[in-house]
Amino acid sequence: MDEIKSIDTSEIKKRLKGYFVEKDLYYQKKVDSTNTIARNLVSKGAKNGSVVIADCQEKGRGRNGKIWTSPCGCNIYMSIILRPKFNPEAAQGMTILAAVSVADAIAEIASLKPQIKWPNDVLIGTKKVSGILTEMSTQNMNIEYIIVGIGMNVNTEEEDINDNIRDIATSLLIESKKINGQTDPIDRNKLIASILNKFDKYYEMFLSTGLSSILHNYQKYFDMMGKTIRINIKDKDVEGQVVGIDSKGALLLKTGENKLEKVISGEIYF
Ligand code: BTN
């Protein structure tokens, strides 16, 4: 089996096609959290489209206060800095946009078939390979920054997945071995460049025509239609059947009383 290639920003840069993702890539081997580094860079004037990448994180953060396990030398931890002029209400769309970008990149580089669990978990089969943590700061109803943090288990081996998440987490390499018989590690530089190129493309589309054009691509990976789910919204469990996603990216649920619930955020259980 080949060695895992190091992250190399020149390898990433030479693959970038877009105009929006500035060539400002900040790489550090070990950080607390790329989202925290990104926030510090914003206060020093980092530009829209700057990207922070790390080889490992000592305090990787997940959604809802969870820890994002971030070992060295095998995975992707990155944060995209956005300083847009649109309304804060539209910011939820960035998570949708990132999820589609990640799913597209996995299909392109790893030849796997990803699925999206609303709003932003990317799965292979039933197990999670990637998560997105979007953080925003506003001032006087204007967006100061949005930081889109993307974590992806790329080359983690089966035995290195923590016991407590073994049933729900996987990596691209584990799935590639199972599904494609591919045992060589996946090149993180190619994967990062692909995510950024996709993000770039979807961001342009978002600015010119809004989220609806991207939702079409989101639906390709969305495997929840018609399923009955339980969702925890502000400590309350709501059960219902998934009937769609609206033009702002909210999940549409038909609940027991034939009521249509619009869910903006929450933790889903099947
Ligand atoms: C989730 O809970 O699914 C979201 C996980 C997000 C993890 C990424 S890794 C890069 C960035 N930095 C962090 O501390 N978290 C995000």
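Trainee: How do the residues of the lining of the largest pocket divide into nonpolar, polar and charged?
Mentor: In this predicted model, the lining of the largest pocket is made of 18 nonpolar, 20 polar and 11 charged residues.

Trainee: What volume does the largest pocket have?
Mentor: The volume of the largest pocket is about 1100 Å³. There are 49 residues lining the largest pocket, and the closest to its centre are Lys 66, Trp 68, Asp 121, Lys 128 and Ile 168.

Trainee: Which elements each supply at least two residues of that lining?
Mentor: Those elements are H2, S3, strand S4 (114-117), strand S5 (121-124), S6, S7 and strand S12 (267-269). S6 gives the most to the lining of the largest pocket, namely 4 residues.

Trainee: And what takes up the space of the largest pocket?
Mentor: The ligand does; the space taken by the ligand is the largest pocket.

Trainee: How many residues surround the ligand, and which are the closest?
Mentor: The ligand is surrounded by 19 residues, of which Ser 33, Gln 57, Arg 61, Arg 63 and Lys 128 are the closest. By type, the shell around the ligand holds 5 nonpolar, 10 polar and 4 charged residues.

Trainee: Let us take Lys 128, then. What does its side chain lie 2.6 Å from?
Mentor: An N or O atom in the side chain of Lys 128 lies 2.6 Å from an oxygen atom of the ligand.

Trainee: What about Gln 57 and the ligand?
Mentor: For Gln 57, a polar side-chain atom is 2.9 Å from a nitrogen atom of the ligand.

Trainee: And Arg 61: is the polar atom in the backbone or the side chain?
Mentor: The atom of Arg 61 is a polar backbone atom, and a nitrogen atom of the ligand is 2.7 Å from it.

Trainee: How much of the ligand's accessible area does the protein cover?
Mentor: On its own, the ligand has 410 Å² of accessible area, and the protein covers 97% of this.

Trainee: A change of topic: is the peptide bond from Trp 118 to Pro 119 cis or trans?
Mentor: The bond from Trp 118 to Pro 119 is cis, and its omega is near -5°. Pro 119 belongs to the loop between S4 and S5.

Trainee: Lastly, what is the phi of Asn 64, and where does Asn 64 lie?
Mentor: Asn 64 is not a glycine, yet its phi is positive, at about 55°. Asn 64 is found in the loop between strand S2 (51-57) and S3.

Notes: Residues are numbered from 1 along each chain as its sequence is written. This is a predicted model: local features need pLDDT of at least 70, side-chain atom pairs count only at pLDDT 80 or more; totals for chains, interfaces and linings use all residues. Side-chain values use heavy atoms; hydrogens and water are left out. A residue is near a molecule or strand if one of its heavy atoms lies within 4 Å of it. A polar contact is a pair of N or O atoms within 3.5 Å; within protein, one must be able to donate a hydrogen and the other to accept it, and residues adjacent in sequence count only if both atoms are side-chain atoms. Accessible areas come from the Shrake-Rupley method with a 1.4 Å probe; for residues, only the protein chains shown count as cover. On a 1 Å grid over the protein atoms alone, a cavity is a set of points where a 1.4 Å probe fits but cannot get out, and a pocket is an open set with protein on both sides within 12 Å along at least five of seven lines; lining residues have an atom within 4 Å of a point. A molecule sits in a cavity or pocket if more than half of its atoms lie within 2 Å of its grid points. Ala, Val, Leu, Ile, Met, Phe, Trp, Tyr, Cys and Pro count as nonpolar, Asp, Glu, Lys and Arg as charged, and the others, Gly among them, as polar. Grid points are joined across faces, edges and corners, and a volume is the space filled by probe spheres set on the points.
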